[in-house]
Amino acid sequence: METIKVARPSDGVMLITLDRPKALNALSKALLIEVASALEDAEADNAIRCVVLTGDERAFSAGADIKEMPEGGIPMWAEAGRLKAWKSIERFPKPLIAAVNGYALGGGCELILLCDIVIAGETARFGFPEVKIAAFPGDGGTQRLPRLIGKFRAMMMILTGDFIDAATAHDWGLAVEVTPAGRTVERALEIAGTIAQNSPVATQMAKAEVLMSFEKPLDESLSMERQMLLWQTEDHDEGIAAFIEKRKPRYTGR
Ligand code: CAA
């Protein structure tokens, strides 16, 4: 991997660090493909139960790589490898936590919108400055942002290109917690560690069900939730047995 670093800091947890510091972790095609590939590895590995995605102190990511644009031209947005990488990140079934310090802009913020939990350091700045280069957040931002923070706030961010700080992002529901900048990754890893102790089959089902609420009409998603509830898993039996026997459960993901 040339544009990301991958580590396994604790049982069940993978940490992916975007690593193009000189370009403020801009999302080159290569970086997107490497993130997608690391997530595919995480998906295939039964030992991994939660992934944390982060950047560095200066930037989570400053968005799509603007310097790749002149070369690629408009078809760059529709380039198959790039679209496939975004789709693969979007479909990652295990819990994904963003630990955000510094700039999270444009495509960098759209990447965050694909995460399940966002922890922001006090230095985090969120924004959609695409309009300033006569573009718009075309990797899901125009659709996911208003669903998350509401129409007027989304319009303000997307139409002005102005950034919001961590406290505002928290207030608007774009981050669940704000931490001192030096503790952001640590806090995300703590949460990942807690998730990793739960049944992987249950956390993945729960993630899929919550995401249905953004994608499907309520009657359809409620009926699918009911169907999922009827599935019986070995982990569920184990969870009930462990509770009754007053011991820690030993989940296998079956
Ligand atoms: N793509 C490529 N390179 C980038 C970049 C980007 N998105 N953002 C920053 N960089 C590079 C800069 O060119 C600079 O490189 P050099 O030293 O080689 O010149 C380096 O990172 C450091 O950046 P700055 O010197 O500009 O740092 P700064 O602290 O003065 O400003 C900033 C920081 C406000 C984030 C500014 O860099 C900036 O405005 N970046 C562009 C942000 C942007 O517009 N993002 C949206 C991209 S479009 C998108 O994402 C499309 C989409 O969703 C469909």
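This is a predicted model: local features need pLDDT of at least 70, side-chain atom pairs count only at pLDDT 80 or more; totals for chains, interfaces and linings use all residues.
Figure 1. Helices (H or I, at least four residues) and strands (E, at least two) are DSSP runs, numbered from the N terminus. Asn101 has a relative accessible area of 8% and is therefore buried; buried means under 20% relative accessible area, exposed over 50%, and partly exposed in between (1.4 Å probe, protein chains only). The side chains of Asn101 and Thr184 form a polar contact of 2.8 Å. A polar contact is a pair of N or O atoms within 3.5 Å; within protein, one must be able to donate a hydrogen and the other to accept it, and residues adjacent in sequence count only if both atoms are side-chain atoms. Leaving aside neighbours within four places in sequence, the residues in contact with Asn101 include Asp56, Arg58, Phe60, Gly121 and Ala181. Contact means heavy atoms within 4.5 Å.

**Figure 2. Asp65 in the loop between strand 4 (59–61) and helix 2 (69–72).** The relative accessible area of Asp65 is 6%, so this residue is buried. Its side chain reaches the backbone nitrogen of Lys67 at 2.9 Å. Neighbours within four places in sequence aside, Asp65 is in contact with Arg20, Ala26, Leu27 and Ser28.

**Figure 3. Asp165 in strand 9 (residues 164–165).** Asp165 counts as partly exposed because its relative accessibility is 33%. A polar contact of 2.7 Å joins its side chain to that of Thr168. Asp165 also touches Ala124 and Arg125, not counting residues up to four places away in sequence. Ala120 is 45 residues from Asp165 in sequence, and 9.5 Å from it in space, C-alpha to C-alpha.

Figure 4. A nonpolar core is a set of buried Ala, Val, Leu, Ile, Met, Phe, Trp, Tyr and Cys residues joined through side-chain atoms within 4.5 Å. The largest has 46 residues, and Val51, Val100, Phe126 and Leu145 have the most contacts inside it. Helix 1 (residues 29–44) gives the most to this core, with 7 residues. A second, separate core of 12 residues includes Cys50, Ile191, Ala192 and Ala196. The buried residues of helix 1 include Leu31, Glu34, Val35 and Leu39. Among the elements that cover the buried residues of helix 1 are strand 1 (4–10), strand 3 (50–54) and helix 3 (80–90).

Figure 5. The ligand is surrounded by 25 residues, of which the closest are Ala62, Ala64, Gly107, Glu110 and Glu130; a residue is counted if one of its heavy atoms lies within 4 Å. A backbone N or O atom of Gly107 lies 2.8 Å from an oxygen atom of the ligand. For Lys67, an N or O atom in the side chain is 3.0 Å from a ligand oxygen atom. Strand 6 (103–105) and helix 4 (107–113) are the elements that give two or more residues to the shell around the ligand.

Conventions
Residues are numbered from 1 along each chain as its sequence is written. Side-chain values use heavy atoms; hydrogens and water are left out.
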